[in-house]
Structures are given as C-alpha cells and as structure tokens.
Amino acid sequence: MRNIYLDNAAASPIDPRVQEEVDRGMKICGNPSSFNDSGRKAANELTKARLKVARFLGAHPEEIVFTGSGSEANNLAIQGAVNSDQETLITTPIEHPSVLEPIKKLEKEGYKVRYLPVDRYGFVDSKSVQNMLTAHCSLVSVMYANNEIGTIEPINKIGKVIKEFKTKNYKLKTINFPLFHVDACQAAGCLNMNVNNLQADLITFNGSKIGGPRGIGVLYVRRGINLNPFILGGGQERGLRAGTENLPAILGMAKAIELVSRKESAKLTKLRDYFIGKLKVILPEIKINGPAHELRLPNNINISIPDLDSENLLLELDKYGIYAGSGSACTSRAVEPSHVL
C-alpha cells in the first residue's frame, strides 16, 4: 500500500541532503567551547551555520540564538521579555500552545493579558493592535501564519503600528517600549523571512517544518534587546541558552534553509487549490476553514465535514495509509475541539 503523508504542518520528512549534513555533523566530536583543535573545528562549523541562518533572515550572526525546538524559542522570547514588574502582554487567541501556555502562566503570576480579536478567517486587524497599545505593555506576540488554518497575518502592518507607537512615545519615561515577537515556525519555508520587512524584534522558527532535523529551533533577537534566560549554565548562545550546542542539528537546519525554494511554494499553491477543488466536487457539504488564495499558506488545507468526528476520520484515513492531522501537533491527542476553530 502506498503511504501518503499529509501531516507536514506537524513535522515534515527530513530532506536526504539535510540528512547527509546531519550525519557529517555527527562525526565532528569536538565541543565548540573547547580550546583544542577538535573544538575549534566544531566552533568554525557552528559559526558558518549561524551565518547562513542570519543571511536567511537578513540579520547579523550575533542576533541568532539556537534552541532545542520552536516551542523552547517561543518560551524564551515570551518569558525572557518580561521583568519583575507586572506588565501587559498582547497576543491572539489562535496562537500555538507554545505561545499561549507561557502567556497563561505569566497571567497567573499577575501579568495582564489582552487578546486581539480575529475575524472568521483568523485575521488580526492592525488597527486593533493600535487601540490596545498602552503604557506598561512589554510584549506583542502575533504568529506569522497559523499552523491550523493557514492564515497569513499582516505582520508588516502590525510591526509598523508598534514602531510608530515607540517613536511617538519615546520621550515619555513612563511608557515601556513593547517588543514585537513573531512565531514564524509555519512560515519559514514559504514566506518572506527578512527581519526588516517584518519589523519584528523577536522571531521564532524551527527545523522540523522545513525539511530539516527535529530538536532544533532558532530565535532571532534584534541587537540591543536583553532577554532573561531560563536555562542557565555554561553561557552558550550569548548566555541565553546554556548547554553544548547540538551541532549536527544546527548544520542540518542551515542546510534546510539553503534548500528553501520559492518555486516549491508556487507548486504547492497549485496543488492546494487543485485538491480543494476536487474535495468540493466529491463532498459539496465540506467547509474550508481559513482564508483562500494568496492569503493562505501554500501548503495548508483545513476542512470540516458535517456529522463526522475528526478522530474517526483520521483513524479511517490511517487504514488506507493516508496520514493527516487534527489541530496543533502539540495538542492533537486531546479530545477537546481545536481552540483555533
């Protein structure tokens, strides 16, 4: 039986060329922090990989922090951005659990959380961000593209609103300058990731969504921003993430970035629209969740079928070797309906 893998939003298969780079990294035994020839070789490989990631983002190498996953990078961005004072955090109700859960934790600790409204397709209006920005707002976190319904948010417009707020109030010492965090894990393989275009201070993405290895994430931290680390130890990654760097995974991530192709996105868009068209012919009653055409991720299809439970559907598809997903991969084993839908 031929297997058909349709769960790439959870984890994409590793590209064979990436696997080769991971295997090469496994043979480099040195610790990048060691003062010996083997350590220097490892450090040199780490430096080259960091430079590749930086170029992908249009950033400086020292702005790149390697983590163990996208979830860890999100947690570092959110929990690292706040200080001991009780402040306001702004986000959306359709974020990934690795954003919503640390924010809920901070809310229990006394931080005020405000949720931006989204329309029926999951879009945030940049004007609502403008209306919510007040004194003592320390962080705004909005995902670049939704992992369930594929909505591409107007990140550039939101970034400009936050930048204008900072410019207007920079002389007022009572005003905190909110940091803008963007979870771009689903967007990295398809959309423009240039940090200057996005106007973001903190950007997260990971390897497992772009044909790279698992267990590796990236947090872009704009120069001049100080975060509070929560993994302490040897001071690796500029003191923001202690622990010996996972060099094989980092090399694999850098290779996966080199393989990101705009042509592939165009191909996926045609396949997506073709597939949706066929589904509507076979099952006219299905509902397509999320936006259409250019406002949706090229590799995303999310449907609801009336009177059919998603768990039973996934089990039935599994019998035919068709692997699909329901909701966020981090919560897909839960019985509750998707918080996004």
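This is a predicted model: local features need pLDDT of at least 70, side-chain atom pairs count only at pLDDT 80 or more; totals for chains, interfaces and linings use all residues.
1. A residue is called buried here when its relative accessible area is under 20%.

2. Strand 6, spanning residues 179-183, is mostly covered, with 5 of its 5 residues buried. In a regular strand, side chains alternate between the two faces of the sheet. Both faces of strand 6 are covered: Leu 179, His 181 and Asp 183 are buried on one side, and Phe 180 and Val 182 are buried on the other.

3. Strand 6 pairs with strand 5 (residues 137-141) in the parallel sense, over 3 bridges. Within this pairing, Phe 180 of strand 6 stands opposite Val 140.

4. Strand 6 also runs parallel to strand 7 (residues 202-206), to which 3 bridges join it. Here Val 182 has Ile 203 of strand 7 as its bridge partner. Phe 180 and Val 182, named in these two pairings, lie on one side of strand 6 and are both buried.

5. Helix 1 (residues 16-26) packs with helix 8 (residues 247-258) at an angle of about 150°, their axes being 8 Å apart. Angles over 145 degrees count as roughly antiparallel, and the two helices are therefore roughly antiparallel to each other. The crossing of helix 1 past helix 8 is right-handed.

6. On the helix 1 side, the contact is made by Arg 17, Val 18, Glu 21, Val 22, Arg 24, Gly 25 and Met 26; helix 8 contributes Pro 248, Leu 251, Gly 252, Lys 255 and Ala 256. By class, the residues of this contact comprise 6 nonpolar, 2 polar and 4 charged.

Key: Residues are numbered from 1 along each chain as its sequence is written. Side-chain values use heavy atoms; hydrogens and water are left out. Buried means under 20% relative accessible area, exposed over 50%, partly exposed in between (1.4 Å probe, protein chains only). Helices (H or I, at least four residues) and strands (E, at least two) are DSSP runs, numbered from the N terminus. Two strands pair if DSSP finds at least two bridges between them. Axes are lines fitted to C-alpha atoms, for helices over the stretch in contact, and angles run from 0 to 180 degrees between N-to-C directions. Angles under 35 degrees count as roughly parallel, over 145 as roughly antiparallel, 65 to 115 as roughly perpendicular and the rest as oblique. A crossing is left-handed if the near helix is turned anticlockwise from the far one by less than a right angle, and right-handed if clockwise. Contact means heavy atoms within 4.5 Å. Ala, Val, Leu, Ile, Met, Phe, Trp, Tyr, Cys and Pro count as nonpolar, Asp, Glu, Lys and Arg as charged, and the others, Gly among them, as polar.
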